[in-house]
Amino acid sequence: MEAGMLLEIRRRLQGGLLIVREPNARSLPLDISVTPSSLKIKSCQACTTINLPAEVRIVPSYCRGIQYVAGDGLHVRLQVEADSNAKLVSTLCEILKANKSCIFYCQTCGEMIIKDRTFLRVLPLPSENWSALVEEWCCHANPFASVLHPQSNDCFLGDTYFLVNSGYEAHVSGAEKVNWETEHSASQSGSALKSKENNSVICKRCKTMLGEAVSSGIIKYYITEMIIQPSEKRFVMIPRSQFVQSIIAQCLVELSSSRSTFRFSIQGHDGKVYTLMWLLNVDTLLMESLGNSAPSNVFTLFEDSLRSHAKSSGTWNAVKVLYLPCIKNRNKDLADAWGNDIGVHSLIFPSKTCLELLLILSLSNASLPPSLRCMNSFQFSPYGYIILNPFFKSRLFN
């Protein structure tokens with residue numbers, strides 16, 4: 001029977017860890033052969049050959065640290081020569097700056113939200129807390145409060161959202177096909193949360209929250225809820241978990257690079273903290289093969305790709321994070337401390353998406369060998385991978 005394996009490669013460190021999943025007693029002993037371009041795992045029952053991607057090469061003479069770990073399987077340390085990680089995903093700014101007509105879809109159900117929109121200006125917004133800083137330095141009303149509103153052909157980009165002007169009806173599908181709806185009649189109770197809910201922008205078909213009405217004619221759309229494609233491209237549905245992972249992973253990569261930020265507080269639009277995340281690295285390349293001996297209920301890092309093809313192997317770029325759940329007041333003291341720490345960056349998404357991310361991290365953690373599910377450096381916290389899907393650029397944005 002074919003053995004399952006997990007290979008974690010660190011591009012910058014030029015190292016890798018191969019784990020041959022807990023082998024079946026009948027398949028022992030195992031013979032592991034290493035060549036620069038492949039791994040071969042041979043037992044008395046089967047032989048599995050794993051070919052590496054072209055940019056990855058193993059140095060066979062430096063294989064060391066072979067160890068059997070109960071519950072995991074065989075651990076083998078490898079020296080790996082890997083090319084620098086190429087940029088695989090186009091950023092939202094690059095897509096919109098292409099000056100091409102785009103269509104905006106609801107990611108959940110594929111409903112068309114905005115049709116044939118072309119932006120003449122695509123500009124980044126300041127950091128999330130810029131307004132609060134301005135208010136502290138100004139002795140009068142905020143003079144910039146009404147400036148950062150996009151005009152008809154503008155798109156302003158935040159870390160987790162983009163602002164557009166919905167008043168340019170020529171670029172929006174007809175009234176009977178408008179797929180967002182806003183409730184401008186805020187509750188008289190004075191509740192800020194109720195007012196925010198009343199300003200929600202939702203998909204008419206599936207009722208998913210897409211964003212919020214910031215002011216009259218200005219809509220904030222969350223990047224995790226929308227797919228943007230050139231008008232000439234055919235729409236392709238993407239599994240929800242893969243989309244959320246790729247978008248959030250890209251966000252973490254960009255923020256860690258541009259702002260040297262590595263700690264993140266994931267908050268919902270309701271103001272609650274759902275997860276604390278500490279970014280460990282962004283240069284991980286993962287390969288996984290379940291083999292044909294894996295039980296049907298086994299978790300896998302690449303759920304949608306491998307569940308239907310248990311014998312296949314996948315190669316994915318990923319970011320590695322430590323995380324702590326904060327729902328139901330878990331880790332409240334640490335969440336409060338991080339909330340007052342200027343080194344922590346807050347990322348705000350719809351509350352439902354925050355729960356989806358937490359589930360993704362939990363499943364990722366459960367898919368790892370038991371010895372790799374926690375790290376001592378963060379109060380024995382779990383860690384997981386967020387997969388950076390390489391197919392988005394070719395399937396969606398070109």
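Glutamate 81 is partly exposed, with 35% relative accessible area (buried is under 20%, exposed over 50%, partly exposed in between; 1.4 Å probe, protein chains only). This is a predicted model: local features need pLDDT of at least 70, side-chain atom pairs count only at pLDDT 80 or more, and totals for chains, interfaces and linings use all residues. Residues are numbered from 1 along each chain as its sequence is written, and side-chain values use heavy atoms, with hydrogens and water left out.

**Salt bridges**

- The structure holds twelve salt bridges (a side-chain nitrogen of Lys or Arg within 4 Å of a carboxyl oxygen of Asp or Glu).
- Glutamate 81 pairs with arginine 57 at 3.8 Å, N to O. Glutamate 81 sits in strand β8 (residues 73-82) and arginine 57 in strand β6 (residues 56-58), so the bridge ties parts 24 residues apart in sequence. Strands (E, at least two residues) and helices (H or I, at least four) are DSSP runs, numbered from the N terminus.
- Arginine 57 is partly exposed, at 32% relative accessibility.
- Glutamate 8 meets lysine 320 at 3.1 Å, N to O. This pair links strand β1 (residues 5-10) to strand β21 (residues 313-325), 312 residues apart. Both glutamate 8 and lysine 320 are buried.
- Arginine 10 meets aspartate 283 at 2.7 Å, N to O. Arginine 10 lies in β1 and aspartate 283 in β20 (residues 273-289), 273 residues apart. Arginine 10 is partly exposed at 22%, whereas aspartate 283 is buried at 3%.
- Glu225, Arg240, Lys352 and Glu356 form a salt-bridge network.

**Nonpolar cores**

- The largest nonpolar core has 29 residues; Leu96, Phe104, Ile113, Cys155, Phe162, Val164 and Tyr221 touch the most other members. A core is a set of buried Ala, Val, Leu, Ile, Met, Phe, Trp, Tyr and Cys residues joined through side-chain atoms within 4.5 Å.
- Strand β9 (residues 102-106) gives the most to this core, with five residues.
- A second, separate core of 24 residues includes Ile248, Tyr274, Val282 and Leu358.

**Sheet**

- Three strands form an open sheet in the order β10-β9-β18, with antiparallel pairing (at least two DSSP bridges between two strands).
- β10 (112-117) and β18 (226-230) are the edge strands, each pairing on one side only.
- Five bridges join β9 to β18. Cysteine 106 has methionine 226 of β18 as its bridge partner.

**Helix α4**

- Helix α4 (residues 240-259) has 20 residues, of which 15 are buried.
- Serine 260 follows α4, with a positive phi near 50°.
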